[in-house]
Each structure stands twice: as structure tokens, then as C-alpha cells.
Amino acid sequence: MNFVAILIGGLLINNYVFSRFLGLCPFVGLSRKLETATGMSMAVVFVMTVASAVSWLMQRLILDPLGLGYLQTITFILVIASLVQLVEMVVQKLSPTLYQALGIYLPLITTNCAVLGVAILNIQSNFTFAESVFNGFASALGWSLAILLFAGIRERLELADVPEAMKGFPTALVGTGLMSLAFFGFQGLFKDLFIR
Amino acid sequence: MNRLWNDLTAGIVKENPVFRLVLGLCPTLAVTTALMNGFWMGMASTFVLTMSNIIVSLLRKVIPEKIRIPAYIVVIATFVTIVQMAMHAFLPDMYNILGIFVPLIVVNCIILARAESFAGKNPVLNAAADGIGMGLGYTIAVMLIGGIRELIGTANLVFFGKALFGAGLPFPPAVIMILPPGAFFTLGVLLAILNAMHQRSKSASSTVQ
Amino acid sequence: MKSVIRLGLILMLFTAAAAGLLAFTNEATKGRIAEQERAAQEAALTLAMPAATSFDPADDLLASYREAGQFPRVQSIWIGRANGQAVGLVVKVTPVGYGGPVIALVGIGSDGRSTGMTIINAAQETPGLGANILHEWFQKQFVGKEATRDLVVVKRPPQANNEVQAITAATISSNAVTDGVNEAFDLWASLWPRVSEGEVSGQ
């Protein structure tokens, strides 16, 4: 599996929002404004990349050698939760400006299933350490691409004359469906890249 | 007794986690390509929700305030792993279909939200009733979405391994409904219909008054 | 500081109890899961080669190909036996379909004809489209093909021995499966003479 394939897969073909259904709650919840979408995107890229690295090490260096594979779920979620806390403290100490930008989004990430999702998918796909980290990064970029595009659309939708019953979630979901349809066109495009 | 009944039924209609609270979207959309997928996902979530509600409620006086969230996560993750192993052993086909979304029940916001906002503050019987009610509400919602998608997308419905319409209904299946876009469309339209019904009943009751 | 230690201890107690409970559940389900997987594999192998009564894993034969980077889609192989005699090879291939890898078993008998093809995992394929490769009529097409000729996917009922009919609107998945089968055929052509010879000299 080469890195180009992972990048294109994460960005377009297996986009976390449009085809894998991961990270939808923050996607719908925070896509009303481009500004919040940008903040969340940065936080997600950061946490997903680091979580991919740490969870891979936990699995391959601790759980696998000890034959404790069945503790995967509980280990990963605890690792992610503490990681988010740690990142929050470190960012606060090192860069108050960055903390101001990301601060309120960081605690929300623990329950973003995209993070736990990428950690488990990395292991299931038998990725090497470098592939895992890169996959975390690429998938997070794909998620960010989705939320940024959609926030742009939604800012305009706010001004549109939508039937009362369709306001809010229904419009957001139908809009996401249409974008998912568009992204569907990417599937199968780069098929040959995925042959190991 | 009356209160217990209220706690049980609240989650099914009034506070339905999917249709009214719009929580836990990922599994709701991802696994609902068929009625039975919705059924088993609903059952798995109901079990985790009820058990974690019971344990959290029992331990609500023991768990220190400061570490309650990590403690809740440990409780939830434990029951999710139990479900995962049980499914792997007894329903291997379903385990393969639901795939990554079984372990991801851990991060289903409904469960942590109920532990935090209900089970951590209420006695154990009410917490159990709330868990069962919310779980049933969730199950009904995902079965409805799964059923609609399967019906339109394959022109048939399979219930416990039996096709309900024999050779299929007399219309060409709209495959888009079982593809990812269909999931978004189905839930979007369902929510809009429910909104419209809600508004109509609200305006009807206000004219009566 | 004291309270931090106390909180840490309580949390540790929690995780210890959780781990204990999970270890217990794991013990209780482990045997059944292993048995389940063994039975599923046995059944799939029999579907791929009904004539064989036992299957010997023979992945060590793949080592030299692995080093040369040949047959990248082949995962494992078994030698199918009936009454102790080798009657063919079963090859596990993982070609890439529409959404991800598809896992299939291909059986090729000693006469150079395929004995069966069964798909064990197509979970990544689109339900209603690509996932139709799981249908029996599609898999049945791969029985009795000559392993010395590459299969070709056509969009009409097949006319020659080396043709298989694609699934409507799922050409990519149909092609993927056929690619996998062709690779299994090539492996058979390269490996079978060695296997049958080894059998003779070994006895």
C-alpha cells in the first residue's frame, strides 16, 4: 500500500463523512459556520494523527505480545481520552494563541468516532507504523475537506427560503447526501493504486 | 410506579434519541442498509445502554465527581467489548456486516449522554427503565431507517432470514437507497416529516386553546 | 496531591475490575469463536474443492514467490487430499474490488480445471451492486475452467470456456474476482508440477 493510495483514499474515495460514516455528529453540529469548521478541522487533524501513532504502538508493542487483543476497544478509548487531555494541557502551555483557536473543540473530540475509528481501521488494515500515522493524517484531511466544503454551502443555505419543516437537520442531511453522491464518483477511479 | 413508566416510554417517542435528540448519527446511517442490521445494532446498543445505566446508577455515590467521565467510559467500553465477543461467537455473519461499528458503540453519544444526564443522578430502577426505553427508541428508529432503505433499495425485506415479499415487489430497486447517499436522504426526509407532524399538532393544539 | 493519588487509585480499581470481567468473558467465548472460524474455513475449503476430504496448509511453498514479489494477491494455499492423495490446490486470493479487498478461495484440481470458487468476504463491496458477487450463479461460473487460460469477463452470456459473465452494474467487482482467479490459475500452473512430483518422491 503506497502513500499516494492512502492519501487519495482518505481524501476522496473512502472519505470519512461521505462514504465511511465516521465523525458525523461534529460534522453536522459544527458546519454552520466556516470559522468553527476550521477550528474543529485543525483539532481533528492534530488528534487523529497523534492517536494513530499512539494506538498503533499500544496494539503492536503491548496488546499483541501479551495476547490481550480483546482489550483493544477499552485501551484505545482510554488512550484517546487521555491523549486529548494531554494535548489540551500542552497546547495551553506552549501556544496560548493556538489554544484559543482550538480550546473549545478539543474536549469534544473524545466522542468523535472518527478518532477511534481510524485507530481500529489502522490495525484491521495491517498498516505499518508509518502507514498508520499517514492514514490518520490523510483521513483527517478528508474529514476536514468535507466539513469545510459543507460549511461553505451551509452559510449560503441559511439565506435560502427553505420550507419550515426542512430547516436545520433535514436540510443539512439532504445536502450531505447530495455531496456524498458527488464524492461517489471518485470510487473506483484509482482502483489500481490499491493493489499491494 | 408511574414515574418508572414515564422513564421507560420517554425514550421511545417524546425523547427519541435519533428523531428528537439527533444523537449517534454514525451507526444510525452506516449500518442501516437492511432491516436486520438495524435490529441487531439496536439490540447491541440497548444492552450496552441498559447495563451501563445500571452500573453507573449503582456506583453514582462511589464515583468521585472529578473522574466520573473516564469512569463512565470504562464501564461503557467494558460492556461494548462483551457485546463484541458475544456477537463474534454467536452471530458471526452479523459481526462481519456491522464490522467496526460494534466497537464504535463506545463513542455513541447517546450512551455517554444518558450516563451523564440521567443514570448518574437517578436510582437504579429508573436508570434501567431509561436505558431500556432509550434503547428501544433507538432500535425502532434504526429498524425504520433500515427497513425503508432495504425496501426501496432491493424491492424486498428480509426478516430473520426470510424474504417477506417472496421474489420481490414489482418495481425496479433504487440501489441508491442502500448506497451512502441514500442514508442521508432517508434520515433527512424522515426528520422533515416528523417536524411537519410536530408543527401541525402544535398549531392544532394552540387553535383549540 | 493526596487527592490525585486517591482518584488515580479509584480509577485503577475500575479498570482492573473491567479487565477482570473482560478476561472472564474472553475465556468463555474464546473456544466458540475459534471453533466457529475453523468450521467456517473448513466449509469454505470444501466448497472450493468438494472432492477433497482434508486440507493441508502449505504456505511454506509460497516463500520463494514472496521473495520475488510474485503473486501479490495470493494469501495462503492448501493441498487438498482424498485418501491421502493430493487432488489439487486451494488458493486464497485477495483481489481489490470496488470498496476494498475481496477474499476468495479458488480450487484447482489435478486435471487443471477449477473445482470451485467461493467468496468468503465481500463486506467492503456495495450492497445490491458489488456484493452480488456473493450470488451463487456468479460463483458457479468459475467451476470447470481450464487453469492454463486466463479468464475474460464479458457482458453477455459466456460462449467460450474462458469467459465469465459480469454482474450488471458491477463490472469492477466482477473483474476483481476474475483477476484473483486468474492469479490463482497462474500459481497453480507454476506450483502444481512441483507438488505432484514432491508427492511421488516423498513416498
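Ring pairs join A:Phe18, A:Phe27, A:Phe150 and A:Phe183 into a cluster. This is a predicted model: local features need pLDDT of at least 70, side-chain atom pairs count only at pLDDT 80 or more, and totals for chains, interfaces and linings use all residues. Residues are numbered from 1 along each chain as its sequence is written, chains are lettered from A in the order in which they are written, and side-chain values use heavy atoms, without hydrogens and water.

**Aromatic pairs**
- Rings of Phe, Tyr and Trp (its six-membered ring) pair if their centres lie within 6.5 Å; planes under 30 degrees apart are stacked, over 60 edge-to-face, the rest tilted.
- The count is 15 aromatic pairs over all chains.
- A:Phe18 and A:Phe27 are edge-to-face, because their ring centres are 6.3 Å apart and their planes stand at 85 degrees.
- Both A:Phe18 and A:Phe27 are buried (under 20% relative accessible area; exposed is over 50%, partly exposed in between; 1.4 Å probe, protein chains only).
- C:Trp137 and C:Phe138 have centres 6.0 Å apart and planes at 90 degrees, so this pair is edge-to-face.
- C:Trp137 is partly exposed at 43% relative accessible area, whereas C:Phe138 is buried at 0%.

**Second largest pocket**
- A pocket is an open set of points on a 1 Å grid over the protein atoms alone, with protein on both sides within 12 Å along at least five of seven lines; lining residues have an atom within 4 Å of a point.
- The lining of the second largest pocket holds 30 residues, and A:Pro107, A:Leu108, A:Thr110, A:Thr111 and B:Leu112 lie nearest its centre.

Methods: On a 1 Å grid over the protein atoms alone, a cavity is a set of points where a 1.4 Å probe fits but cannot get out, and a pocket is an open set with protein on both sides within 12 Å along at least five of seven lines; lining residues have an atom within 4 Å of a point.
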